Amino acid sequence: MNTPLRRLASVVLVMFLALLGSVTAVQYVQAGSLNNDPRNVRTIYREFGNARGSIVVAGEAVASSTPVDDAFGYQRVYADGPLWSAVTGFYSIANGAGWGLEDTQDDVLTGRSDRLFFSRLRDVLTGQRPEGATVETTLLPAAQQAARDALGQQQGAVVAIEPATGRILALVSTPGYDPNTLAVHDTAAASQAFDELVAAPGNPLRSKATQENYPPGSTFKLVTAAAALEDGRWTPESELPAPTELELPLSSSTLGNFGGGGCGADPISLADALRVSCNTAFAGLGIELGAEALEEQAQRFGFDADPPAILPNAAGSTFPDDLDGAQTALAAIGQGSVTASPLQMALVAAAIANDGVLMEPTLVDTVRAADLSVVSRTEPSVRSEAVSGTTAESLTRMMVGVVEGGSGTSAQIGGVQVAGKTGTAQTTAEAAPHAWFTGFAPTDDPRVAVAVFVQNGGDLGSEATGGRVAAPIARAVMQAVLGS
Amino acid sequence: MTVATIASHQVRAGRTTELGLLVLALALGVGAYALVGLGTADAVPTNWLGYAIGLTVLSLALHGVLRWRAPYADPVILPLAVGLNGIGLAMIYRIDLAEETGFSVRQLTWTALSMVLAAAVLVWLRDHRTLRRYTYVAMLAGLVLLVLPLLPFIGATINGARIWVRVGGVGLQPAEFGKIALAVFFAGYLVSNRDTLALAGPKLLGLQLPRARDLGPILLVWLVSLGVLVLERDLGTSLLFFGMFVAMLYLATERVSWVVIGLALFAGGAAAAASTFGHVAARFDVWLHALDDEVYARSPGGSGQLVQGLWGMASGGLFGTGWGEGRPDLVPYAESDFIVASLGEELGLTGLMAVLACYLVLVQRGLRTAIGVRDGFGKLLAGGLSFVIAVQCFVVVGGVTRLIPLTGLTTPFLAYGGSSLVANWVVVALLLRISDEARRPAPAVRTVTPGGGTPTGGPGTGTPAHGTPVVTGTPVGPGVGRAGGDGDDDQPTEVVRGVPR
């Protein structure tokens, strides 16, 4: 009977080999797809069970995980949530990781990133619970706070950038929201909070700074002026015709100036046209330049390209294709179908401030593992060459004129030379115009470039202009940066 | 082949080895229990010391009984059983902490009871061949135990399977004890009838078919197995009995035809059941399409539990979360049917492989015992009982990992459940008893086993346990496959058939 016993032993061996194989299949081969199954609540439990990394601004955590005594182990806490909501986004059991750095930096915050391979390996070997990495941002709390205070109850956005490095110093969208209401572990309450935010006026969940596009209005004249100066046929002193009304080519309609009058002179110099934001002069200049030249210049500032991937769902700014003469005239003054996010307009100012070189905007400075070792550090990099150094210099002088004796006088800062451009963008006949301002300071060594956007005129409504509503906000933000 | 080495080897009782392994096994179980506390509450459980002392005393007592009553018993079997039992207790305690249930205390009581019972078996059953006298009593007992859950009043349906009886508030699964009774019956029946089963009958397509009248008892068992499947809605238990019977039939007759017939009968029965009964078909559907949304969401009868188990194991990955650090309680029945998934989650692939290796070694030691023991009854009993453990592991782990359709069987020693624990400890006691006989240096004169055949081999009898090859004029060397133990009673045909090779 021993031969069959030995054969039976072999059968048993085969059975167990099959078991070892199927166990390996589940726990190793298929483990990845099983763990990523959207129905798998373990993924949430596990992520919450581990300490998620913090999001840090100037050494203070604005989003952090604190241990709590419930099934999830950790509660995500947002310090001063509404101030930073456009940056942090939220991390929620019911709604996932969304809208901000919580989403884009999810893999390092959870500790899953391949960049954290060695810390994970060490956690496995030492039996320590894996901890997520900390994300340190480039933001400046004073600038962020000033931007939010200056916006007040108005709906809008502020983006401030350090021109030489592309570091984002402030990024505010109003109304903000409190991510803590979404992070509660009671999923019903979290879902309800989410639904309320979706329905809330001003769409607080969407960041007006990066996720929305608006007509840039007269701030786009910077791009038109840049195209003219780069073309070589124009200088700041070049004379431009500036009629009270401009007849649009191949069209029965005419284009007037803001307020309906003239521009103070006809013809007018390019510099003065920018200073008083003369629509007819710039529209005519646009027709002279042609749609292609405008488009090329816009693209060199970042239009029509993938938007900087600093935050999720970023809106790409666009300069339309195949424009006829009338459309080109409108595009030259930032109307028509030209659209830009506040971030994009901040980049225009930043490129002019940085001798024409557009730096890649960055929001994450350093990623630090739980043991404080640096996982990655963002180095400044060039995004594009927007204009030549001479053009940038000319534009700067023209923008100083805007602030010192033009439409943007409210942006003046005592003892500091400020360059800027206002914008008042018509949307529809009924709605109040959007108020814009973009500029930088100080002009000799720019430390901050800023773009301010106030939706539908903010507090002033239809009385609003970029100079009256947006410029003071920009001044407050620039002062906050220069004062720090 | 190990003929020469074993024959010339001084048999070592191995009790010291056993003590060493036992310390290791206890450290594993008791250590795991402490780690559960550290993992969940950062403190050693308050009842840890009592638990440690209790398990140690019980294990050492059993070790003492072996020294006293079965000094030559296999030294690996007891530590394996203690180790697996300890790991199971730690995991059940861990689930208790998560779900605030009280399974571990009851399981601890059952463990104590089981080990005492195992000691009693070793003390009272001095020779396993005694059991052969009760062949038909065992058959009756086995069948009664199998149908017990079907009786009114005491039978109970839990989770769709009618495999429980309730006696005085305690739920029992009589099938667990039935498997021992039927193993005794099969061993006794087959050892007496193996010649007719093996040799008589027509040949068909190269397969030696058995005679119709010899098929009777086999058909009876087939019917009972199918009855269990259909009436008690328990695929696992019927698979277990049929697997055991086919394996023992093959051991007794060495005839592949029995395996073929057995498997064909079972496959036919199972296929018929699958097409007739919804719950069997549902099991197959769940097995094949576990991750489909529709199957996953279906309730009852969906793949929810299975998939939860898979997710748990997947989250454990290679090294597991560690004791007390995972969420095995998310899986329904994490302490019983799905304890393997719980272990996979917290101990990882490596830990689960180690557990499987423990089972493999346990089964192989049992089969080694079967090879070593001299009497046919002992061979069949040890082989059958060992194979039952293997089948049980295969059905449970294979079911949880989707190798085969999921069926409700308990994981020996690990899973929560008193009947299973008691029955498996009795199985271990029987294997230890038989292994003592197998490894014991044979006395000078052998007694003829009760009801046994004629001893053969002349000089072969009376040699050491691992025996001299049967010598009938034909040189038998390594590789021939006729190692120790063939100088047996009951084996005239083997000797005859062994020659031409």
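Select Arg402(B), which lies in the loop between α15 (376-400) and α16 (418-439) of chain B; helices (H or I, at least four residues) and strands (E, at least two) are DSSP runs, numbered from the N terminus. Arg402(B) is not a glycine, yet it has a positive phi of about 65°. With 22 C-beta neighbours inside 10 Å, Arg402(B) counts as buried. A residue is buried if 20 or more other C-beta atoms lie within 10 Å of its own, exposed if 12 or fewer, and partly exposed in between, with C-beta atoms placed from the backbone.

Before you move on, a word on what you are viewing: residues are numbered from 1 along each chain as its sequence is written, while chains are lettered from A and ligands numbered from 1 in the order in which they are written. The model is predicted, so local features need pLDDT of at least 70 and side-chain atom pairs count only at pLDDT 80 or more, whereas totals for chains, interfaces and linings use all residues.

Next, show both chains. Here 31 residues of chain A are in contact with 45 residues of chain B; contact means that the C-beta atoms, placed from the backbone, lie within 7 Å. On the chain A side, α1 (2-29), α2 (31-35) and α3 (41-49) each give two or more residues. The largest share, 18 residues, comes from α1(A).

Now stay with chain A, which has 18 helices and 19 strands. Of its 484 residues, 56% count as buried.

Colour the open sheet of 6 strands, ordered β3-β2-β1-β6-β14-β15 in chain A, with mixed pairing; two strands pair if DSSP finds at least two bridges between them. Which strands stand at the edges? They are β3 (74-78) and β15 (374-377) of chain A, each with a single partner strand, so one side of each is left without a neighbour in the sheet. Zoom in on β2 (residues 60-67) of chain A, which pairs with β3(A) in the antiparallel sense over 5 bridges. Ala63(A) has Tyr78(A) in β3(A) as its bridge partner.

Follow the chain to Asp80(A), in the loop between β3 and α4 of chain A. Its phi is near 55°, a positive value in a residue other than glycine. Is Asp80(A) buried or partly exposed? It is partly exposed, with 16 other C-beta atoms within 10 Å.

Select the hairpin of β7(A) and β8(A) next: 6 residues lie between the strands, and Gly166(A) takes a positive phi near 85°. The strands β7 (residues 156-161) and β8(A) run antiparallel, joined by 6 bridges, and Ile161(A) stands opposite Ile168(A) in β8(A). Strand β8 (residues 168-174) of chain A has 7 of its 7 residues buried. Another cis bond, with omega near 0°, runs from Asp266(A) to Pro267(A).

Finish with helix α17 (residues 389-405) of chain A. Its buried residues include Leu395(A), Met398(A) and Val402(A). Among the elements that cover its buried residues are α11 (221-231) and β17 (419-425) of chain A.

Conventions
Contact = placed C-beta atoms within 7 Å. Expected span 1.5 Å × (residues − 1).
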